[in-house]
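Try each task yourself before you read its solution.

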Amino acid sequence: MLGFLRPAEGCTVDQEDGTPWPVDGMDAPNTLFVRRRIACGDLVEAERPVEASASAQTEGEQLIVPEGEAPEIEQPDGATETKTPPRSRRSNGEK
């Protein structure tokens with residue numbers, strides 16, 4: 001990906017498949033076609049729009065757990081804890 005690009009001011013740019021490039025911009029694939037549009041000035045880098053719905057949902061919620069207070073995680077019935085063996089004891093698998 002080349003980044004988030006939008007058409008330059010006053011330009012209408014078609015994508016490779018013939019559909020118009022969104023005025024608000026989109027993630028651009030790294031293709032010769034897109035690089036040519038950038039070189040001639042038809043496409044310019046743009047700021048990625050911030051989604052209001054995601055930020056509005058988390059504004060009133062406190063997401064950080066205070067220090068010293070770890071949340072309790074309940075294990076389902078019959079579940080057991082497993083321990084990861086030390087790195088040196090892991091096998092590399094069959095070759």
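## Exercise 1: A proline in a strand

Pro7 has Leu43 as its bridge partner in β3. Keep in mind that this is a predicted model.

**Task.** Find the strand that holds Pro7, and decide whether Pro7 is buried, partly exposed or exposed.

**Solution.** 
Step 1. Pro7 belongs to strand β1.
Step 2. The relative accessible area of Pro7 is 9%. Buried means under 20%, so Pro7 is buried.
Step 3. Now look at the neighbours. Leaving out residues up to four places away in sequence, Pro7 touches Val13, Trp21, Pro22, Val23, Asp42, Leu43 and Val44.
Step 4. Gly25 is 18 residues from Pro7 along the chain, yet their C-alpha atoms are separated by 7.0 Å.

## Exercise 2: Building the sheet

**Task.** Work out the order of the three strands in the sheet, and name the edge strands.

**Solution.** 
Step 1. Begin with the pairing of β1, which covers residues 3-7, and β2: three bridges join them in the antiparallel sense. Two partners to find on screen are Phe4 with Asp27 and Gly3 with Ala28.
Step 2. Turn to β1 and β3. These strands also run antiparallel, and three bridges join them.
Step 3. The edge strands are β2 (26-28) and β3 (43-45), as each pairs on one side only.
Step 4. From one strand to the next, the twist averages 55°.

A reminder for your notes: strands of a sheet pair through backbone hydrogen bonds, either parallel or antiparallel.

## Exercise 3: Placing the helix

**Task.** List the elements from the N terminus on, then say which strands helix α1 lies across.

**Solution.** 
Step 1. The protein has two helices and three strands.
Step 2. Read from the N terminus, the elements run β-β-α-β-α.
Step 3. Helix α1, residues 32-39, lies across β1, β2 and β3. Its direction makes an angle of about 85° with β3.

## Exercise 4: Charged side chains

**Solution.** 
Step 1. Arg48 and Asp27 form a salt bridge, with the closest N and O atoms 2.8 Å apart.
Step 2. Check how open the partners are. Arg48 has 48% relative accessibility, so it counts as partly exposed. Asp27, with a relative accessible area of 35%, is partly exposed too.
Step 3. In the other salt bridge, Asp42 meets Arg37 at 3.7 Å, N to O. Asp42 has 24% relative accessibility and so counts as partly exposed.
Step 4. Stay with Arg37 for one more contact: Arg37 lies over the face of Phe33, at 4.9 Å from the ring centre.

## Exercise 5: The whole chain

**Task.** What share of the 95 residues counts as buried?

**Solution.** 
Step 1. Of the 95 residues, 14% count as buried. Pro7, from the opening exercise, is buried.
Step 2. Finally, take the contacts between residues at least 6 apart in sequence: 51% of them join residues at least 24 apart.

Note on methods
Residues numbered from 1 in each chain as written. Predicted model: local features only at pLDDT ≥ 70, side-chain atom pairs only at ≥ 80, totals over all residues. Heavy atoms only, no water. Pairing = 2+ DSSP bridges. Helix = DSSP H or I, 4+ residues; strand = E, 2+ residues; numbered from the N terminus. Axes fitted to C-alpha atoms, helices over the stretch in contact; angles between N-to-C directions. Contact = heavy atoms within 4.5 Å. Salt bridge = Lys/Arg side-chain N within 4 Å of Asp/Glu carboxyl O. Buried < 20%, exposed > 50% of the residue type's maximum accessible area, 1.4 Å probe, protein only. Lys NZ or Arg CZ within 6 Å of the ring centre and 35° of its normal.
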